[in-house]
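Hello, and welcome to my notebook.

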Amino acid sequence: MSAIVPIGIVLLLLYAVLCRVRIFSAFLEGAERALLLLKKLIPCLAGMLVAITVFRDSGALDALTRILRPVTDALGVDARLLPLILMRPLSGSAAIAVLSDLFTEYGPDSVVGKTGSVLLGASETLLYSLALYFGSVGIRKTRFAVPLALFASIVSVVAGLVFSRLFFG
């Protein structure tokens, strides 16, 4: 199983040789295109990372968690999961940091740890992905992509919470 990637690379190189492709020139051309794409993406990514850092470090995440706590209590959702639920659409690394904090405080085998793991795996870092993909091709008008992505994120959180309650109690 570990030989799949090397075998794939060798097969790709053999195919390139058979098709008389100048491999090194093609590699350099691809690297150049990647740098041009990176030049477009860096401002989008930097802006997103700054916004996430400000959101978390300013205390806005904690304030929003306190505001939403009565709603989560009424719905029967553990409020300790709110920071994870709120950070997951914004940043995968921030969500992993929140999950790590949950593991440290409650343990990975706790209901909170297991539910947090399900929530992390059930959803996507949609705003990061949208900024990356739309920014790379210069799309400014996203039309229905953002509302539908947010809806899908809500559905994934609800499904993750429901299945976690069914399996973990």
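I began with contact, which means heavy atoms within 4.5 Å. This is a predicted model, so to speak of local features I need pLDDT of at least 70, and side-chain atom pairs count only at pLDDT 80 or more, while totals for chains, interfaces and linings use all residues. Residues are numbered from 1 along each chain as its sequence is written, and side-chain values use heavy atoms, with hydrogens and water left out.

**Entry one: a helix pair.** I looked up α2 (residues 23-57) and α7 (residues 126-137), whose axes lie 9 Å apart at an angle of about 150 degrees. That makes the two helices roughly antiparallel (over 145 degrees). From α2, I noted Leu37, Lys40, Leu41, Cys44, Leu45 and Met48, which meet Leu127, Tyr128, Ala131, Leu132, Gly135 and Ser136 of α7. I sorted the residues of this contact into nine nonpolar, two polar and one charged; Asp, Glu, Lys and Arg count as charged, Ala, Val, Leu, Ile, Met, Phe, Trp, Tyr, Cys and Pro as nonpolar, and the others, Gly among them, as polar.

**Entry two: the cavity.** How many cavities of 30 Å³ or more does the structure hold? I found one (a cavity is a set of points on a 1 Å grid over the protein atoms alone where a 1.4 Å probe fits but cannot get out, and lining residues have an atom within 4 Å of a point). The largest cavity has a volume of about 50 Å³. Its lining is made by Leu84, Ile85, Arg88, Pro89, Leu119, Ser123, Ser153 and Val157. Two or more of the lining residues come from each of α4 (82-87) and α8 (145-168). By class, I listed five nonpolar, two polar and one charged in that lining.

Technical notes: Axes are lines fitted to C-alpha atoms, for helices over the stretch in contact, and angles run from 0 to 180 degrees between N-to-C directions. Helices (H or I, at least four residues) and strands (E, at least two) are DSSP runs, numbered from the N terminus. Angles under 35 degrees count as roughly parallel, over 145 as roughly antiparallel, 65 to 115 as roughly perpendicular and the rest as oblique. On a 1 Å grid over the protein atoms alone, a cavity is a set of points where a 1.4 Å probe fits but cannot get out, and a pocket is an open set with protein on both sides within 12 Å along at least five of seven lines; lining residues have an atom within 4 Å of a point. Grid points are joined across faces, edges and corners, and a volume is the space filled by probe spheres set on the points.
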